[in-house]
Amino acid sequence: MKAVYISEPGGPEVLEVREADAPVPGPGEVLIDVVAAGLNRADVQQRRGFYPPPPGASEIPGLEVSGRIAGFGPGVTKAFSVGDKVVALLAGGGYAQQVAVRAEQVLRVPEGVDLVTAASLPEVSATVYSNLVMTAQLQPGETVLIHGATGGIGTMAIQLAKAFGARVATTAGTDEKVSTAKAFLGADIAINYAEEDFPESLRRQNGGKGADVILDVVGAKYLSQNVDALADYGRLVVIGLQGGTKGELDLGQLLKKRAAVVATALRPRPVEEKGAIMNAVRDAVWPLISDGRIRPLVARTFPLDQVQEAHRYFDSGDHVGKVLLLM
């Protein structure tokens with residue numbers, strides 16, 4: 001099969017399409033003929049040498065795929081058949097024509113979603129649902145602040161939070177993306193972080209109140225502003241480190257607000273946790289996609305042999321929604 005490897009840490013030019021041995025499904029695993037794979041920020045960080053795969057995971061990048069089941073390893077108990085259209089959450093290996101993955105991390109494609117578009121769903125759905133709902137316990141009527149409005153995480157998080165009855169605020173870096181967040185994605189408040197202080201702007205547009213929940217992909221760069229933007233009893237959930245790993249935390253401000261800071265990562269979690277998250281996504285998120293309340297958004301697709309171009313486009317930040325590789 002063909003697969004993508006990282007020759008050395010660096011830019012998109014270090015990505016190489018090579019011939020590789022097809023995977024053999026082990027105990028509890030299913031084999032999937034991949035149709036499409038989603039690009040994620042974690043892939044970029046791995047490419048740059050900052051986010052190696054967990055022990056035992058494939059060195060091939062790629063954390064989510066869609067495709068058809070091609071076979072089974074011993075001991076698979078989940079009710080799948082060869083040819084079923086599925087998506088899978090991976091610890092690695094997605095930029096390839098076949099993957100082997102534990103059955104717990106595989107779901108059938110939601111009704112009404114084509115097989116290519118489906119590749120945009122597993123990683124963002126699992127990340128957003130597990131953090132907003134399972135970790136932060138977002139409630140109807142609460143205000144949630146979502147950073148990075150028009151990326152894969154942002155576009156899913158805005159729609160999911162609205163579907164759950166939350167008031168949604170978001171940040172973006174251009175007026176065009178601010179308009180997209182409000183007019184196209186349904187955000188109640190959208191802030192241009194390049195022109196405004198987002199905690200102050202949030203309070204001004206939200207009746208003087210901060211955010212009950214903040215979903216942050218930036219990390220250290222936003223730490224003090226995020227704590228400033230929290231409401232009393234607010235929950236800041238950090239899921240990305242685009243702005244660095246070390247910041248200064250004002251514990252006094254955190255204590256005064258009786259607030260919490262939580263950091264999570266999906267990729268290194270054990271199979272049992274990923275399986276529980278995927279089951280929750282199937283039950284809570286898939287119906288919202290099937291009835292149209294959440295729309296999967298694909299910005300562009302690229303064939304596998306144009307993986308460098310796909311990463312250049314991803315790195316540009318010009319996309320609204322997901323970037324996909326086609327096998």
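**Exercise 1. Count the salt bridges in this predicted model, then locate one that involves R235.**

Step 1. Apply the rule: a side-chain nitrogen of Lys or Arg lies within 4 Å of a carboxyl oxygen of Asp or Glu. The count comes to 14 salt bridges.

Step 2. Find the partner of R235. Its side chain meets that of E142, at 2.9 Å from N to O.

Step 3. R235 sits in strand β12 (residues 230-238), and E142 in the loop between α2 and β8 (143-146). The pair links distant parts of the chain, 93 residues apart. Strands (E, at least two residues) and helices (H or I, at least four) are DSSP runs, numbered from the N terminus.

Residues are numbered from 1 along each chain as its sequence is written. In this predicted model, local features need pLDDT of at least 70, side-chain atom pairs count only at pLDDT 80 or more, totals for chains, interfaces and linings use all residues, and side-chain values use heavy atoms, without hydrogens and water.

**Exercise 2. Describe how domain 1 meets domain 2.**

Step 1. Domain 1 covers 2-122 + 267-326; domain 2 covers 136-263.

Step 2. Take the centres over C-alpha atoms. They are 27 Å apart.

Step 3. Look for contacts (heavy atoms within 4.5 Å). Here 13 residues of domain 1 touch 14 residues of domain 2.

Step 4. Find the buried area (accessible area, 1.4 Å probe, that two parts lose on being put together, summed over both). The two domains bury about 1200 Å², with 63% of it on carbon and sulfur atoms.

Step 5. Check for salt bridges between domain 1 and domain 2. The count is 0.

Notes:
Domains from an automatic or database assignment.
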